[in-house]
Amino acid sequence: PLQHLPHVPAFAEARVPKSTSIASLLLLAKHDANEANAEAARGILEMYGHEIEEETIECLLGYLADVHDNIRASAAAALTEVVALHPHKLQSTLTKIFTAYIAASDDGQQRDGLALGLAELGPLLSERELPVVTTFLTSRAFADPDEGVRKRMVEAGVRLVDEQGKEHVGLLLPIFESFLDKKGTEDEQYDVVREGVVVLLGSIAKHLQAGDPKISEVVNMLLEVLSTPSENVQRSVSNCLTPLMSSVKDETADIIQRLLNIILQSESYASRRGAAFGLAGCVKGIGISSFRQHNILATLKEGVEDKTNPLSREGALYAIAALSERLGRLFEPYVVHVLPLLLSAFGDSVVHVRESAEYAASVIMGHLSGAGVKLVLPSVLKGLEERAWRTKQGSVLLLGAMSSCAPKQLSSALPTIVPHLT
């Protein structure tokens with residue numbers, strides 16, 4: 001154990017030879033997640049007595065490929081400490097990370113460690129290195145075939161933006177905007193990169209000053225990206241829109257109306273679905289009061305009841321599902337008002353509308369509390385009395401979904417439910 005090393009004669013008598021291997025191991029221990037180990041390593045490093053040389057960087061880069069997660073994390077933190085001591089080695093270290101990443105096409109663990117290294121090095125980057133690292137992330141790393149590594153690379157990008165964004169917003173924002181302005185191919189690889197860039201765009205927007213016209217430009221760009229036929233991208237945009245709504249208060253009415261129009265009128269499934277996610281993100285940012293201010297639920301009700309346009313019915317149902325998912329318990333008081341719409345849609349003659357109704361029902365039921373179950377149960381039981389068999393089937397499905405989210409509340413109501421099922 002590290003605690004015993006000070007008693008080793010070579011350490012106790014300051015006779016440990018200068019060694020990059022020993023220095024690397026001690027630096028790894030210094031950044032161990034276990035504080036006792038880290039504290040012991042700090043004391044031993046003082047006893048080691050030699051300066052940490054730049055050659056140690058090469059050793060630590062090797063540990064980024066270790067099979068153990070904790071070693072890779074320690075190596076990333078230790079690497080940053082050494083590069084900070086030898087700042088002239090920053091560019092060459094980044095080059096080695098990029099080269100190692102390309103060479104490690106069949107080693108996900110090493111690519112994961114390299115992502116950790118980039119994340120830790122973020123605070124040391126200057127205007128010279130920032131565009132290089134950002135371009136590497138958006139052009140290659142965000143498209144990593146391993147989902148875990150992709151997530152780690154996006155986290156590295158977010159950390160970079162969080163630490164450098166305020167000072168370098170004018171440098172980073174055009175890079176992200178330029179990527180999103182490009183017309184890419186409709187393949188999965190492009191979508192996952194686009195998702196990562198959207199996350200970074202939302203992160204950099206938080207560093208813009210209140211009243212900066214760039215915020216409005218970012219919001220409009222995010223709204224355009226909602227049409228991307230990828231649910232992950234659309235969800236990322238929704239998350240980014242939420243914190244930005246308070247900065248575009250004068251535009252919220254137009255934004256909400258724009259999204260509602262797409263939900264109810266667009267012929268593109270991806271656009272309708274994306275607008276539904278976008279609407280939910282905006283409402284989350286504006287607040288529940290936006291339902292009344294912008295007539296949102298009434299407009300969606302008209303969409304579900306539009307017998308002439310099945311696309312409008314489908315879009316409105318997806319919007320209701322997205323609102324329930326994004327708002328959670330805050331949406332409960334409105335569930336009793338939308339359930340009749342769902343029950344009616346269960347009997348729709350168009351299969352896509354029925355499927356969207358079933359999806360919305362499963363989402364809503366999955367977010368109900370015990371009190372919410374008691375609130376909506378009468379409406380569900382009423383659906384069992386309808387003549388349309390699909391509506392009855394939908395009510396049974398709702399009861400089944402309730403059993404998983406609030407079994408106690410549902411069991412107490414069984415004496416009321418059973419007569420309706422027999």
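**Reading helices, burial and contacts in a predicted model**

Colleague: In which helix does Ser 216 lie, and does Ser 216 count as buried or exposed?

Modeller: Buried means under 20% relative accessible area, exposed over 50%, and partly exposed in between (1.4 Å probe, protein chains only). Ser 216 belongs to helix α11, residues 213-225, and counts as buried because its relative accessibility is 17%. Helices (H or I, at least four residues) and strands (E, at least two) are DSSP runs, numbered from the N terminus. Contact means heavy atoms within 4.5 Å; beyond its neighbours within four places in sequence, Ser 216 is in contact with Val 248 and Glu 251.

Colleague: How many helices and strands does the protein have?

Modeller: There are 23 helices and 0 strands. The radius of gyration is 28 Å, well over the 22 Å that the globule rule gives for 422 residues, so the protein is more spread out than a compact globule. That radius is taken over C-alpha atoms, and the rule is 2.2 Å times the number of residues to the power 0.38. The C-alpha trace spans about 90 × 50 × 40 Å along its principal axes, and 50% of the 422 residues count as buried.

Colleague: What span should helix α7 have, and what is the distance between its end C-alpha atoms?

Modeller: The expected span of a helix is 1.5 Å times one less than its number of residues. For the 14 residues of α7 (residues 108-121) this gives 20 Å, and the end C-alpha atoms are 20 Å apart, which agrees. At the start of α7, a side-chain oxygen of Asp 107 comes to within 3.2 Å of the backbone nitrogen of Gln 109. Because 11 of its 14 residues are buried, α7 is largely enclosed by the rest of the structure. The cover over these buried residues includes α5 (69-85), α6 (90-103), α8 (130-139) and α9. Helix α10 (residues 188-205) also agrees with expectation, at 26 Å for 18 residues, and 14 of those 18 are buried.

Colleague: Which residues have the most contacts inside the largest nonpolar core?

Modeller: In soluble globular proteins, nonpolar side chains tend to be buried together. A nonpolar core is a set of buried Ala, Val, Leu, Ile, Met, Phe, Trp, Tyr and Cys residues joined through side-chain atoms within 4.5 Å. The largest here has 125 residues, and Met 153, Leu 279 and Leu 323 have the most contacts inside it. Helix α9 (residues 147-181) contributes the largest share of this core, 11 residues. Setting aside neighbours within four places in sequence, the contacts of Leu 323 include Leu 279, Val 283 and Phe 331.

Colleague: Where is Val 283 placed?

Modeller: Val 283 is in helix α14, residues 269-286, and is buried, with a relative accessible area of 1%. Apart from its neighbours within four places in sequence, Val 283 is in contact with residues including Phe 291, Ile 296 and Leu 327.

How values were computed:
Residues numbered from 1 in each chain as written. Predicted model: local features only at pLDDT ≥ 70, side-chain atom pairs only at ≥ 80, totals over all residues. Heavy atoms only, no water. Polar contact = N/O pair within 3.5 Å; in protein donor to acceptor, adjacent residues only side chain to side chain.
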